[in-house]
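Here is a friendly guided tour for anyone who is new to reading structures. Take a look at the picture first, then come back for the notes.

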Amino acid sequence: MSSTSLRPCGDFRTTYKADQSLFPTKWIFRWSVIGLLVLLCSPLLVDEYIISLLILVGIYGIAALGLNVLVGMTGQISLGHSAFFGFGAFSSAWLNTTTEIPVLITIPLAGLMTTAVGLIFGIPAARIKGLYLAIATLASQFILEDFFARANWFTGGSSGSVAETAMFFGIPLDTDIRFFYLVLFWTVVSCIAVANLKRSRDGRALVAVRDHYLSAEIMGINLTKYRILAFGISSFFAGLGGALFGHYLGYVSAEGFTIILSIQFLAMIIIGGLGSVPGAIMGAVFIVLLPEVMEALVSLVISSAPIFSGLESGKAYIKEMSIGAAIILFLIFEPDGLAHRCGQIRKSIKLYPFSY
Amino acid sequence: MNWSLLSQLLINGVVVGMLYGVVAMCFVLIYKSTQVVNFAQGEFLVLGAWVCLWLVVDMELHFAAAFLFTLVFMTIFGIILQMVVLRPLIGEPIISVIMVTIGLSIFFQSLMNWIFGNSAVAFPQVFETQSVELFGLNIETAYLFSLVISVFIMLGFFYFFKYSRYGLAMRATAFDQQVAQSLGISVKSVFAMAWAISAVVSGIAGIVIGLVNSVSSALAFIGIKVFPAVILGGLDSIIGAVVGGVIIGMLENGAEFVDGQYLHWGNLYTIAPFYILIIVLMIKPYGLFGTKDIERI
């Protein structure tokens with residue numbers, strides 16, 4: 001059955017291999033390849049502004065993937081993800097300026113440095129969980145933010161630090177289009193890495209810890225190890241995304257990594273779908289596009305009904321409010337996120353005339 | 001050692017700490033009775049302060065009348081919020097509940113910035129005298145007022161939970177929702193009441209802090225500062241909230257003293273409570289008075 005392109009209703013997979021395949025159907029694989037090809041050609045198809053949005057989607061998507069490993073797969077809430085994101089940005093810039101290692105190499109190295117920090121801040125997770133852990137990560141957010149503002153040697157203090165342009169065999173990746181390919185590369189690598197993690201023994205252990213930690217422990221899963229490991233993995237991706245972000249902007253300042261960004265990361269994975277790889281990317285797309293859509297919507301309202309011209313001054317606030325409102329509305333009406341909704345739509349198309 | 005500065009700071013610490021305690025109490029009240037962690041507590045404070053300020057300045061009401069109107073407004077606000085946003089989420093996993101209150105916090109923060117503006121506005125002169133002399137120390141009248149209000153609220157809470165019928169219903173609901181429901185308590189109205197009380201008392205705290213400093217969106221940070229206080233005191237203990245609040249308030253000012261006199265780091269004042277939070281979570285996760293969470297398989 002698994003050889004047919006469309007799965008019949010219900011799961012008829014009979015082997016472990018079929019159950020764990022990276023692409024459950026051939027069509028998902030084909031669409032992924034087509035999507036990747038379209039993205040590779042996208043600089044020819046769309047203008048530079050869309051490319052810059054795509055870069056942001058990629059960067060945020062990588063960080064959201066990391067957070068999804070922690071929150072979606074392991075069930076540990078982190079309110080300090082943007083601090084790790086920021087740490088990655090600073091460490092890549094710092095490594096590059098102090099040791100002269102090329103930027104392309106410092107980006108993953110920054111991910112590793114952030115992993116170390118994430119492991120340290122993950123230690124409380126060995127003892128506490130749920131709400132208490134959320135509050136502990138909230139504290140780590142403020143402590144790291146304070147560190148960014150104070151550690152002049154590392155971050156340049158309040159004036160921030162300069163992140164050099166990445167060089168690819170002598171070609172500076174200084175335009176959006178060139179940088180886009182670097183981000184695309186890392187996004188694809190991260191997606192495949194997380195999707196693979198979900199199929200591996202460690203990934204299943206993480207999911208077991210989420211579903212019922214006592215049962216997991218009885219089955220021989222080392223809770224402490226996997227809880228801290230989840231923090232490590234998630235901060236690796238946060239650091240990777242942060243490093244890309246820093247080199248994209250060319251300048252890293254401590255003000256950029258506040259709790260608001262942490263909340264946006266959480267919003268991405270909740271809107272996209274907890275524990276789902278395409279969900280994290282969809283959530284990143286949603287959060288990046290939301291302000292743009294609101295901007296267009298406000299302009300539309302003003303142009304069609306000039307009575308509402310007062311909205312013009314409140315544009316910035318409307319954008320912020322829309323993020324809060326999106327979180328609330330999604331949690332009330334679609335708690336499983338966009339990825340789940342997509343699955344539903346696919347199913348209903350497949351079963352179209354007879355929905356039962 | 002600058003003793004007079006230290007004692008002044010510690011007195012400030014107690015006053016601010018009492019206010020933290022009041023806000024922490026509101027937080028614990030919601031957590032205990034509805035199992036919701038309210039990340040939007042800070043926004044309640046700001047909302048109360050802005051509404052009262054708006055009534056005083058733009059509507060030109062007397063301060064006392066504005067105060068009362070604000071209380072009525074906050075009651076309705078709390079009930080509506082619970083009914084519209086929180087009720088559909090009963091029984092959802094903890095992350096959903098946390099995220100919904102965070103979403104509320106973002107939403108109201110930007111809404112209030114839009115309506116009331118970004119800049120800080122001071123209350124017009126409410127008290128005749130600026131400061132009073134007490135035991136040789138100079139204390140601002142607003143501080144004294146806030147201390148009195150805090151003690152008054154705490155006594156009110158004590159009386160409410162100990163003797164009133166509704167307080168008893170709330171304690172019963174906090175103890176076991178199903179048992180409470182089967183004994184004829186309307187759990188729905190208890191939930192609504194918890195949010196209403198919490199919103200009202202936070203609103204009062206917001207007005208008081210607005211009187212002491214000035215009203216701005218920065219007040220919302222107190223909603224974050226509450227976390228060290230409640231963790232120190234224990235998440236589900238009302239007494240713990242007060243004790244934790246006072247300790248955090250004093251500690252904060254103590255940190256400012258150490259910072260200003262010796263270390264010169266600059267912002268130990270805001271960050272010290274969070275170090276304490278981490279330490280408490282590592283050593284004694286259930287705080288000073290919290291009940292230990294024992295899980296049966």
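Predicted model: local features only at pLDDT ≥ 70, side-chain atom pairs only at ≥ 80, totals over all residues.

Residues are numbered from 1 along each chain as its sequence is written, while chains are lettered from A and ligands numbered from 1 in the order in which they are written.

**Chain A as a whole**

- Chain A has 15 helices and four strands; helices (H or I, at least four residues) and strands (E, at least two) are DSSP runs, numbered from the N terminus.
- The C-alpha trace of chain A spans about 60 × 60 × 45 Å along its principal axes.
- For 356 residues, a compact globule would have a radius of gyration near 21 Å, and the 21 Å of chain A agrees with that. This radius is taken over C-alpha atoms, and the globule rule is 2.2 Å times the number of residues to the power 0.38.
- Of the 356 residues in chain A, 44% are buried. A residue is buried if 20 or more other C-beta atoms lie within 10 Å of its own, exposed if 12 or fewer, and partly exposed in between, with C-beta atoms placed from the backbone.
- Among the contacts in chain A with a separation of 6 or more, 75% join residues 24 or more positions apart. Two residues are in contact if their C-beta atoms, placed from the backbone, lie within 7 Å.

**Where the chains meet**

- Ala, Val, Leu, Ile, Met, Phe, Trp, Tyr, Cys and Pro count as nonpolar, Asp, Glu, Lys and Arg as charged, and the others, Gly among them, as polar.
- One residue of helix α4 of chain B is B:I95. B:I95 is in contact with A:V71 and A:I77, leaving aside its neighbours within four places in sequence.
- B:I95 counts as buried because it has 22 C-beta neighbours inside 10 Å.

**Helices packed together**

- Two packed helices are described by the angle between their axes and the distance between the axes. Axes are lines fitted to C-alpha atoms, for helices over the stretch in contact, and angles run from 0 to 180 degrees between N-to-C directions.
- Helix α6 (residues 130-150) of chain A packs on helix α11 (residues 268-283) of chain B at an angle of about 140°, with the axes 9 Å apart. This makes α6(A) oblique to α11(B); angles under 35 degrees count as roughly parallel, over 145 as roughly antiparallel, 65 to 115 as roughly perpendicular and the rest as oblique.
- Residues making this contact include A:Y132, A:F142 and A:D146 of α6(A), and B:F274 and B:L281 of α11(B). The contact of α6(A) with α11(B) has 12 nonpolar, no polar and one charged residues.
- Within chain B, the axes of α9(B) and α11(B) come within 9 Å and cross at roughly 30°, so α9(B) and α11(B) are roughly parallel to each other.
- Among the residues in that contact are B:K225 and B:F227 of α9(B), and B:F274 and B:L281 of α11(B). By class, this contact has 10 nonpolar, no polar and one charged residues.

- Most residues other than glycine have a negative phi, and most peptide bonds are trans.
- A:E100 is not a glycine, yet has a positive phi of about 65°. A:E100 is in the loop between α4 (81-99) and α5 (103-122) of chain A.
- Is A:E100 buried or exposed? A:E100 counts as exposed, because it has 9 C-beta neighbours inside 10 Å.
- B:Q35, also a residue other than glycine, has a positive phi near 60°. B:Q35 is in the loop between α1 (3-34) and α2 (41-57) of chain B, and is partly exposed with 16 other C-beta atoms within 10 Å.
- B:A241 is in helix α10 (residues 238-263) of chain B, and counts as buried with 33 C-beta neighbours inside 10 Å.
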